[in-house]
Amino acid sequence: MNDTDAPQNPSDSGSPRRDRREATSRRKKGGAITAGIIVLALGAYAAVDAYDLVPGLPGVLTTEPQVEVQTVPTPQAHAQQVPAPASAVDDSAPVPTQIPKTIDAVLKDSKVKGFGLEVRDGISDDVLYAKDETKPRTPASVTKVLTAAASLSAIGGETRLATTTDFDADTNTLTLTGGGDVLLSAGDSDPGSVNGHGGLRTLAEDTAAALEDQNVTEVALNLDASRYVGEDFDSGWSRSDIAKGVITPIQPIMVDTAYVGSKNAEWRGRSEHPAKDAFSIFEEELKKTGITVTEATDRSESEAPSENPQELARVESATISEIVEYALVHSDNVVAEMLGNEVAIAQGQDGSLENGPKAVLEALGESVDLGRTHLVDTSGLSYDNRIAPHDLTTVLQASVVADDSLAGLVSYFPVGGLTGTLHDRFLDERNASGVVHAKTGTLSTVTSLAGGVLDAEGRYLVFSIQIDDVDKDKILEARKTVDDIVTALANCGCR
């Protein structure tokens, strides 16, 4: 899987358009975890809640009181074959009975107290260990577990988001319409990529061909970004974090999640106006095809869409399953907030930052009890989010026994010692490295980890471990305790 834009060749516009094949759909997941998944290994840090990969990094959104934050490094992805756990539907492995003794020993040795955690058998749903498991806590980016689960359930794993052009012959107006894809590329569509699956150059060339078929060589150009309504930036976020690469205004069309600057730079910020940037790129690509643009206006805030549009062309995103995996591996806040808006739309509501958190809970509430959970965003940037360990393991265990899109959830998490926000954790643990699949969450006073692991005898366990209100100088020790618990589970025969 390639995370970069397809190579750009200026001569392409004068050659016959190459066939653009749809990427092979991700096969349906049976049981819970499937083997041989391809995920993205990060060679540098992703734009996260400013702490997932660098616990010592101070951040405006991650500390109280606020302090100056460093910028967030640009993710560099490399295709890598990642081993997944053996089938979690095999119920023949023995159930560990001594997990309480094992975990209590780790907690006793820890210098940090106050953890809430729960461990369950992935198949039977039996609770194997619980401690303060019903107390809601600040989850940080573990919030993305709920957003991902709701996206898979409500939107559907095979769904794609379309960016389209529509032509109104009566007014000779062409409209670029954002459909939620924040992972567009500026260049050609790349069916083998998630980031850049749909490309604005491809859309412009296909649009120009359709216009030429109608003998149209000159158009007025509009942008329709009305798919999302209300405020595009949550009042609890800091606008200074846009330049640090943490977040951007959430709008329904973006190129590369609104990153600006060279892809080769170690650090990149994000744009203040991602939809307008995408619009400008499309306009330039359209002009390169020979179409004259007589007017370029932004219709997203004023005029209503045309009543007589004809769709001319479209480019589609990767599947929601693939986008969910991208959001989890990169811990990408922008993609997570987009998914929240799309869950709201799938639930029959307006896509908005206000509706997204409520829609996520509603989507999951149909199958699991999340009565203690409170969300104000869908990325985990806010300290005001609250999730209990029990509620997280409820969702995780539901995915283990699911037979629909939700079944892939745990397999999309970062992998211990290999990928994403776990690439530098569990490196030296033989049973845990390459086997732990979990979502991290870290703020200056919070560390969380939720996911699944095979124990040493092949039993699949799901877990959620959380602690908040930690002294900042003890956060690394808290994270070590979390890792020690998960390593103990991986090493456990515990009978």
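**Helix 3**

I looked up which residues of helix 3 are covered, and found L200, R201, T202, L203, A204, E205, T207, A208, A210 and L211 buried. Buried means under 20% relative accessible area, exposed over 50%, and partly exposed in between, with a 1.4 Å probe and protein chains only. Helix 3 is mostly covered, with ten of its 14 residues buried. It runs over residues 200-213, and I noted 20 Å from its first C-alpha to its last, close to the 20 Å expected at 1.5 Å a residue. The expected span of a helix is 1.5 Å times one less than its number of residues. Just after helix 3, N215 has a positive phi of about 60 degrees.

**What I am working with**

The model is predicted: local features need pLDDT of at least 70, side-chain atom pairs count only at pLDDT 80 or more, and totals for chains, interfaces and linings use all residues. Residues are numbered from 1 along each chain as its sequence is written, and side-chain values use heavy atoms, with hydrogens and water left out.

**The whole chain**

I recorded ten helices and 14 strands for the protein. Both are DSSP runs numbered from the N terminus, helices being H or I with at least four residues and strands E with at least two. The protein has 495 residues, of which 60% count as buried. It exposes about 18200 Å², and carbon and sulfur atoms supply 46% of that area. Accessible areas come from the Shrake-Rupley method with a 1.4 Å probe, and for residues only the protein chains shown count as cover. I also looked up contacts between residues at least 6 apart in sequence: 72% of them join residues at least 24 apart. Contact means heavy atoms within 4.5 Å.

**Helix 5**

I checked helix 5 next. Its 15 residues should span 21 Å at 1.5 Å a residue, and its end C-alpha atoms are 22 Å apart, which agrees. Its buried residues are P274, A275, A278, F279, F282, E283, E285 and L286. G290 follows helix 5 and has a positive phi, near 105 degrees.

**Helix 1 and helix 10**

I then turned to helix 1 (residues 99-109) and helix 10 (residues 475-491), whose axes come within 10 Å and cross at roughly 155 degrees. Axes are lines fitted to C-alpha atoms, for helices over the stretch in contact, and angles run from 0 to 180 degrees between N-to-C directions. Helix 1 and helix 10 are therefore roughly antiparallel to each other. Angles under 35 degrees count as roughly parallel, over 145 as roughly antiparallel, 65 to 115 as roughly perpendicular and the rest as oblique. I99, T102, I103, V106 and L107 in helix 1 meet T481, D484, I485, A488 and L489 in helix 10.

**Loops**

Most residues other than glycine have a negative phi. I noted N172, which is not a glycine, with a positive phi of about 55 degrees. N172 sits in the loop between strand 5 (160-168) and strand 6 (173-177), and counts as partly exposed at 27% relative accessibility. D256 is not a glycine either, and has a positive phi of about 55 degrees. I found D256 in the loop between strand 9 (253-255) and helix 5 (274-288); at 5% relative accessibility, D256 counts as buried.

My last entry is S226, in the loop between strand 8 (218-224) and helix 4 (240-243). S226 counts as partly exposed at 35% relative accessibility. The C-alpha atoms of S226 and G179 are separated by 9.2 Å, with the two residues 47 apart along the chain.
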